[in-house]
Amino acid sequence: MKVVLQHLTKIFPSRNKKDKSNEVVAVNDFNLEIPDGKLIGLLGPSGCGKSTTLFMISGLQAPTSGKIFFGDDDVTKLAPENRGIGLVFQNYALYPHMTVQQNILFPLQNLKGENRLSKEEMLKRANEVARLVQIDEYMNRKPSELSGGQQQRVAIARALVKMPRVLLLDEPLSNLDARLRLQTREEIRRIQRDTQITTIFVTHDQEEAMSISDFIVVMKLGVVMQTGKPQWVYDDPANLFVAKFLGAPPINMFRGKVQDGVLYIGEEAVLDAAGVEDQEVYVGIRPEGFILSREGKLTCKVSGVDVMGRDISVVSTSENSINPVVRSIISAEEMGNITGDAVKFDLKEHKVFLFNRETEQRVYFGGQTAAHEAMIKAMEEEGQAYTAALTGNFPREADDKAKERPAAPKGKFAKIKGIFSKKEKASKEKEASSATEENGEVK
Amino acid sequence: MQRTKGQKKNQWKAWLYLLPALALLAVFTVWPIINTIRMSLLKDYSIMAELSGTKFRFGFDNFVKVTRYPSFIKCLGNTMLLTVITVPVSTMLALLIAVALNSIKFLRRIFQTIFFLPYVTNAIAIGMVFMAMFDIIGGGPGIEPSSIGIINTIIKAFGGSPIKWVSTGSTKTANMAVLILYIIWNALPFKILVLLGGLQSVNKQYYEAAKVDGASRFRIFWRITVPLLSPMIAYVVITGFIGGFKEYSSVVGIFGEDMGPAHDPGRLNTMVGFIYENIKGNQGRASAAALILFAIILAVTIINLYVSKKKVHY
């Protein structure tokens, strides 16, 4: 079943209903077309509106404006039970007083009229689904007697048993430990492939979303930042937020500038950027975008080397880096070439992304322009629209014109940025802390 | 576990600190229980006789006598009847009201206050209000019989003939009806409070999940709400039964210490009423009755717990 979201918007009113300034725009003008039978990952930091979007698709929350289509049916006004959806909650919401079998049977027992199945049929279906998710051995257990991963599979079975048109998963893996998460993630992918049900999957874990989704949708503060195949979005981020959000270890950010067609980081001319206007830029370099070289153009101070077997991760510092450390991943064979305090790098052009300092939008240079155009063409062939939202197109700006909801003009960006600087700071801190966690794992 | 010398010393100290509480418990709880058992096992026991030096024969005489006593059998019957009717009815009503209260937002506080009023009002005062509502006087010089009281006024307004509810000449059925109504109304607030608390702690996601699963409101109530509330319901039922068997003040509130209408005192007497009656003259018999009451409550509670273990989930 194809799912289409048109101008979907959700505004939560403030407690004092007349007070418009405290309204929260959770989802702002969300447009998306989900092809039949695909697995879509809705990805973004907490509070970006991804769960709200999911609940609107489920019908548990009504959109403030906009429409939802399943195939050609407009389901915007339909009650959840009439939409033909299966929903898996973050904490599964398995009925604790029922056995696994009763839990799975419950949606079937609610069917009325001609859809009602005979008892034997119900049991047959429940058993089939249980076998699909591999919990048929535990049919007579209570949810409390199951492990997290097993509960998770029961929840999926319960969602699947009525053969939904669309399967919705709300952060289904966040309550599992690391090993189970990997395993269950594969499981979900397998079940989705077996059933071919259009699936929407909400997560804040970019690795999770990238690994199992056919398409990912990156969201920030209710606005779609970019959509596309995971690898495309990783290789060709549309703006600063997407570049920073995807990738582990995170992308290295530098302050730089383009002058006379040359990209400078600090005083060092690192890459040729012919044809790009002179401007101040953020330079994002993926950890795998560094080449160790004696004549390298970017100089950093080495502060440590993490050995990871096949690769090594060089931890260094640079006064132009925005991140506390610069992390580059190079082949372990080159370890001998790191001598002394300073290390010099050449950069791979396709792993270096430039973003305008003001708009935070991508500035394409060199061969990237052609690659970007090729990607847009490939997306069009897949029936997808390329989304590259302005980082500045934040919901609150349009509050007083909530009904019209025009796209925010570029020029107003500076003003909006002031409003959000606090929030961004908080999220940056979060990113930094999660980055250190990852580092811990690597070691 | 090995105990060091220091621990032993500390233990001695702990007992010292516990002493005041233990002493009070011993005097006001432990001793009365033991004494009740002792009194119930002495033939024809009375405190006055004991003080004057009489020795009593040991035996189960009191228990045998009490169970043959017609007024005891009547009290037991009344108590059973009241409990068996009021506990299930008030529990169901409380459940419905709690669910209703939980699902409304508008005026919820006001309704909560109204339903909780009986809880903070004196039982005797409520009894007197009921007495007035159900016609206390039942006619008199210059007053038409059974003309007073709001209930009869309402009955008359609808064209019915007034009923003698509690006054002289009233039937036992009418008396019981008033009493049962009173007890149910009086029992509601506590039950609503407990069940509402339980409802509010139920994770809302179960309801959302049930909604997505297409369950009707009725099915959500029976298949989700009631099972999830079952621990609370069990608690309310068990305490309801215990309270029901100890019913006394409600009868006093409506019918006065006669425990019945003027022409038939003692008609609505209960177990606790029987114990009070006998405590003045025949402590042995009162003790035996008290122990029988205790045994009944214990048995009912054990049955309740056994049933709820089978039915109450998780």
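**View 1. Helices α6(B) and α8(B) lie oblique to each other.** The model shown here, as in every view below, is a predicted one. In chain B, helix α6 covers residues 123–133, and its axis comes within 11 Å of that of α8(B), the two crossing at roughly 135°. The crossing of α6(B) and α8(B) is right-handed. On the α6(B) side, look for Ala123(B), Ile126(B), Gly127(B) and Phe130(B); they meet Val178(B), Tyr182(B) and Asn186(B) of α8(B). Sorted by class, this contact has five nonpolar residues, two polar ones and no charged ones.

**View 2. Helix α8 of chain B also packs with helix α10 of chain B.** Here α8 (residues 172–200) and α10 (residues 217–245) have axes 9 Å apart, at an angle of about 165°. That angle makes α8(B) roughly antiparallel to α10(B). The crossing in which α8(B) passes α10(B) is right-handed. From α8(B), the contact draws on Ala187(B), Lys191(B), Val194(B), Leu195(B), Gly198(B) and Leu199(B). Facing these in the contact are Leu229(B), Met232(B), Tyr235(B), Val236(B), Gly240(B) and Gly243(B) of α10(B). By class, the contact of α8(B) with α10(B) has eight nonpolar, three polar and one charged residues.

**View 3. An open sheet of six strands in chain A.** To find your way across the sheet, follow the order β13-β12-β11-β14-β20-β21, with antiparallel pairing. At the edges are β13 (268–272) and β21 (362–363) of chain A, each of which pairs on one side only.

**View 4. Strands β11 and β12 of chain A, joined by four bridges.** Strand β11 spans residues 252–259 and strand β12 spans residues 262–265; the two run antiparallel. A handy pair to pick out is Val258(A), which stands opposite Leu263(A) in β12(A).

**View 5. Where chain A touches chain B.** Chain A brings 18 residues to this contact and chain B brings 16 residues. Two elements to look for on the chain A side are β6 (85–88) and α2 (100–109), each of which supplies at least two residues of the side that touches chain B. The residues on that side of chain A divide into 11 nonpolar, five polar and two charged.

Note on methods:
Residues numbered from 1 in each chain as written. Chains lettered and ligands numbered in written order. Predicted model: local features only at pLDDT ≥ 70, side-chain atom pairs only at ≥ 80, totals over all residues. Axes fitted to C-alpha atoms, helices over the stretch in contact; angles between N-to-C directions. Parallel < 35°, antiparallel > 145°, perpendicular 65-115°, else oblique. Left-handed = near helix turned anticlockwise from the far one by under 90°. Contact = placed C-beta atoms within 7 Å. Nonpolar A, V, L, I, M, F, W, Y, C, P; charged D, E, K, R; others polar. Pairing = 2+ DSSP bridges.
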